[in-house]
Amino acid sequence: MAPSGAAAGYRPSRTLPFGAEFRRQASRRRTQLALGFMALLPLIILIAFQFGSGEEEPGRGEFGSLVSFATSGGLNFTLFSLFVSASFLLVVVVALFCGDTVASEASWGSLRYLLAIPVPRARLLAIKLLVALTYSALALLLLAGTALLIGTLRYGWSPLRSTVAAQLEPGEGLLRLLAVLGYLAVVLLVVAGLAFLLSVITDAALGAVGGAVLLWILSSILDQITALGAIRSFLPTHYSTAWLGLLSTPVQTDNIVRGTISAISYATIFWGLAFWRFTRKDVVS
């Protein structure tokens with residue numbers, strides 16, 4: 001026995017390594033289906049453009065402007081794919097990875113056995129969170145990478161175009177696109193934090209995933225109510241579309257900075273509450 005009372009050779013930091021949890025999650029059907037759909041979606045959009053009439057409906061605002069340029073090059077096709085996915089699909093995917101990770105173990109009855117190995121609670125939660133965030137980032141990169149590959153093969157490597165910016169050369173356009181991806185990843189940390197907190201609180205994975213998505217939708221609805229005034233700026237979804245400022249000339253970064261601070265603040269609070277709750281929770285399942 002060690003002086004601390006632990007068995008000889010026991011190292012808390014060696015329990016449940018990142019690679020082992022990553023492989024466990026990779027073998028799950030929901031992971032395979034989610035990542036597979038991320039790769040398939042750009043192909044579905046491409047087919048829709050091929051069979052579509054090509055007529056743009058008037059009065060579509062930002063959506064209409066992106067549609068009009070979507071087939072002008074691989075960069076624009078990627079930007080359009082991100083635009084149609086950011087408000088709901090990516091939210092669902094991130095909520096799935098982060099909301100299912102702990103609640104599913106509890107519902108299967110395997111969570112208490114992981115803790116009995118013994119894996120320290122804080123380490124178990126940290127590893128599960130890191131793996132969930134890794135798969136969330138992988139889903140985002142897979143969507144963008146597949147869209148860029150398919151779009152470039154079909155429409156060519158052309159400058160990035162939009163109605164709010166001058167035409168950007170492919171090199172600069174790619175950098176702007178990477179910046180959009182980075183900001184979307186930061187905004188989705190709010191969903192990740194909320195889903196992870198609900199996953200710790202409940203044993204129902206569907207409740208954690210659905211609860212995070214519904215609360216995000218509720219925040220989006222409230223953000224459209226102008227009567228709320230300045231209160232809207234405190235909603236987690238208020239700056240969710242600020243990445244459009246990265247497409248303007250010159251780049252508009254004010255809302256991006258505010259949105260980044262807001263997202264990191266919300267995510268930190270949610271993760272802090274999750275760790276606080278789990279380290280004190282009576283795990284019986």
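This is a predicted model: local features need pLDDT of at least 70, side-chain atom pairs count only at pLDDT 80 or more; totals for chains, interfaces and linings use all residues.
A residue counts as buried when its relative accessible area is under 20%, as exposed when over 50%, and as partly exposed in between (1.4 Å probe, protein chains only). Residues are numbered from 1 along each chain as its sequence is written, and side-chain values use heavy atoms, leaving out hydrogens and water.

**Salt bridges overall**
- Side chains of opposite charge can pair when their charged atoms come close.
- With a salt bridge taken as a side-chain nitrogen of Lys or Arg within 4 Å of a carboxyl oxygen of Asp or Glu, the count is seven.

**Pairs inside one helix** (helices are DSSP runs of H or I, at least four residues, numbered from the N terminus)
- Arg176 pairs up with Glu172 in a salt bridge, at 3.2 Å from N to O.
- Those two sit four residues apart in helix H9 (residues 170-201), so about one helical turn separates them.
- Glu172 is partly exposed, at 40% relative accessible area.
- In helix H1 (residues 18-26), Arg24 and Glu21 are three residues apart, about one turn, and their closest N and O atoms are 2.6 Å apart in a salt bridge.
- Glu21 is buried at 0% relative accessibility, while Arg24 is partly exposed at 32%.

- Arg30 and Asp100 form a salt bridge, with 3.0 Å between the closest N and O atoms.
- This pair links distant parts of the chain, 70 residues apart: Arg30 is in helix H2 (residues 29-51) and Asp100 in helix H5 (residues 89-100).
- Both Arg30 and Asp100 are buried.

**A network**
- Salt bridges link Glu21, Arg24, Glu105 and Lys128 in a network.
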